[in-house]
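Please read these notes with the structure open beside you, and take the points in order.

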Amino acid sequence: MTSQVLAEHLGGSQALGREIQSDFDLDDAIREGLPVSTLESVVSGGVLRPSELDALVIPRRTLAHRKRLGRRLTTRQSDRLARVVRVVARAEEAIGDSAKAKRWLRKPNRALEGRRPLDLLATGVGVRIVEQLLGRIEHGLGA
């Protein structure tokens with residue numbers, strides 16, 4: 001997946017406030033802290049639900065505080081958001097249908113010991129486990 005595809009899932013240049021042409025551009029944006037508007041774009045675009053952002057990226061109270069002060073997300077929050085959105089986009093590519101991919105992410109999976117793929121995205125190890133499973137799906141090995 002390209003940085004441009006990930007940027008579109010984050011709301012595009014309108015939400016990001018800049019063009020993303022390369023991985024370096026995306027890295028710079030994450031290090032500077034993504035605008036809060038990217039979270040709103042992710043929710044309004046149906047990528048994640050507010051409760052999922054609360055659990056995986058930034059608690060609601062912290063988000064409200066950032067909004068009130070007009071601050072960007074921290075580097076860590078921005079990185080978590082990009083990581084989760086990247087896996088959602090990869091699931092859409094692997095499964096070939098956005099709605100089916102989102103259902104797959106939210107449904108317990110036997111290959112993940114009954115865990116929901118989305119719940120594993122809270123840690124780097126969990127992300128790797130889900131990405132490995134998506135790789136198997138892409139290669140026709142099933143899940």
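1. In this predicted model, Thr38 is in contact with Leu10, Ala15, Leu16, Leu73 and Leu81, once its neighbours within four places in sequence are left aside. Thr38 itself belongs to helix 4, which covers residues 37-44.

2. Is Thr38 buried or exposed? Its relative accessibility is 0%, and because a residue under 20% is classed as buried, Thr38 counts as buried.

3. The crossing of helix 7 past helix 8 is right-handed.

4. Which residues make this contact? Helix 7 contributes Val88, Ala91, Glu92 and Ile95, while helix 8 contributes Ser98, Lys100, Ala101, Lys102, Trp104 and Leu105. Sorted by class, the contact between helix 7 and helix 8 holds 6 nonpolar, 1 polar and 3 charged residues.

5. The length of helix 7 can also be checked: its 21 residues, at 1.5 Å a residue, should span 30 Å, and this agrees with its end C-alpha atoms, which are 30 Å apart. Just after helix 7 comes Gly96, which takes a positive phi of about 90°.

Notes:
Residues are numbered from 1 along each chain as its sequence is written. This is a predicted model: local features need pLDDT of at least 70, side-chain atom pairs count only at pLDDT 80 or more; totals for chains, interfaces and linings use all residues. Side-chain values use heavy atoms; hydrogens and water are left out. A crossing is left-handed if the near helix is turned anticlockwise from the far one by less than a right angle, and right-handed if clockwise. Helices (H or I, at least four residues) and strands (E, at least two) are DSSP runs, numbered from the N terminus. Contact means heavy atoms within 4.5 Å. Ala, Val, Leu, Ile, Met, Phe, Trp, Tyr, Cys and Pro count as nonpolar, Asp, Glu, Lys and Arg as charged, and the others, Gly among them, as polar. The expected span of a helix is 1.5 Å times one less than its number of residues. Buried means under 20% relative accessible area, exposed over 50%, partly exposed in between (1.4 Å probe, protein chains only).
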